[in-house]
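Reader: I'm new to this one. Can you walk me through it and tell me what each term rests on?

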Amino acid sequence: MNFKGTLPTLILEALAQEPSHGYRIAQQIKERTEGVLDFKEGTLYPALHKLENEGLVESYEGVEKGRPRRYYRITESGHETLTKDRAEWRQLSRAVTMILGEA
Amino acid sequence: MTRLDTWLKQATRHLSKGSVAQVRTEIQEHYESARETAMSGGATSDEADRLAVTELGDANTSNRQYRKVLLTSAEARMLREGNWEARAVCSRPLLKRLLPAIPVVMLLASLALVLTGEIKAARALLAGGIAMGLVFTAPFLPVYTPSRGRVFRVVRGVVMIGALVFAFGPGALKMSWLLASCLWPLVWIEWTRVSIRRKLRVAEWPKHLYL
């Protein structure tokens, strides 16, 4: 299933739990959606760069298992955007459920 | 060439050298982690390699997305060479003193033409003087925040259009096809600058990107 446009919100949600690197973010999203969302990992980094350009996440150098890695963390502005996105999503989800009915 | 190299070559097409290095590093890190996970799950080296690259998805799709958020080679060149006129002027002391005098001379010449009754030529000179004055004073203005930059660009656009309308008078609309064909390179440059501003953090903007 491909929910276009939801990837930035899913990334922000993953980073709201803890700072992380690209691979772990991808795994976290896949695990939490139980693989339902069709999500190609090559599209994760452009989305991360876009969030970084918008000031919603920031990156820093970290080390994992002795290897340097680029970590990302959510900013104050990112938290605000995530809160707004969550509210919009609940509203949309409620509206669609009202039409389609509880399955 | 490995599968990953082929993927990276496609995904980094038309990106700047800096962007290519950034993409290579992050995708290489990602690929190694994915490969390790696959091998710890019992996959052979070749299977793990194939799986890790397949998980990255279509390289052309990634390339399209990267080009929207990272500098392309054309944008990097414009950023590097975008203020060559200013550098060329500043490196020649005589030219540096002479150029700001041109708008003043044009305004004085326009006044002289008004006095001799050459109104049409006077209008053209006055409009040119105002437009050139704005261009030459821009680097000295305190435009160093994005909002001031936006205000400056709007004012500059309005003054430029106003100057052209003023210079051509009632015939400005008739001449619009000529103006449009002459000004499209400026529009293209401004369009590219908009794209660069979106991709760079404000802290990384050089002075000429505000203008």
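Reader: What makes up the contact between the chains?

Author: Chain A brings 13 residues and chain B brings 21 residues. Two residues are in contact if their C-beta atoms, placed from the backbone, lie within 7 Å. Bear in mind that this is a predicted model, where local features need pLDDT of at least 70, side-chain atom pairs count only at pLDDT 80 or more, and totals for chains, interfaces and linings use all residues. Residues are numbered from 1 along each chain as its sequence is written, while chains are lettered from A and ligands numbered from 1 in the order in which they are written.

Reader: How do you know which elements chain A has?

Author: By those runs, chain A has four helices and three strands, in the pattern α-β-α-α-β-β-α along the sequence.

Reader: Why do the buried residues of α4(B) line one face of the helix?

Author: In α4 (residues 59-69) of chain B, the buried ones are Ala59(B), Ser62(B), Asn63(B), Tyr66(B) and Arg67(B). Seen down the helix axis, they fall within an arc of 135°, so they line one face of α4(B). The arc is that of the directions from the helix axis to the C-beta atoms. And buried means that 20 or more other C-beta atoms lie within 10 Å of the residue's own.

Reader: What do the buried residues of α4(B) pack against?

Author: They pack against α3 (44-53) of chain A, together with α1 (3-11) and α2 (17-40) of chain B.

Reader: What makes something a nonpolar core?

Author: It's a set of buried Ala, Val, Leu, Ile, Met, Phe, Trp, Tyr and Cys residues joined through C-beta atoms within 7 Å. The largest one here has 34 residues, and among those touching the most other members are Ile11(A), Leu48(A), Trp7(B) and Ala11(B). α1(A) gives the most to this core, with five residues.

Reader: Which residues is Leu48(A) in contact with, leaving aside its neighbours within four places in sequence?

Author: Ile11(A), Gly22(A), Val57(A) and Tyr72(A).

Reader: How much of chain A is buried?

Author: Buried residues make up 27% of its 103 residues.

Key: A residue is buried if 20 or more other C-beta atoms lie within 10 Å of its own, exposed if 12 or fewer, and partly exposed in between; C-beta atoms are placed from the backbone. Helices (H or I, at least four residues) and strands (E, at least two) are DSSP runs, numbered from the N terminus.
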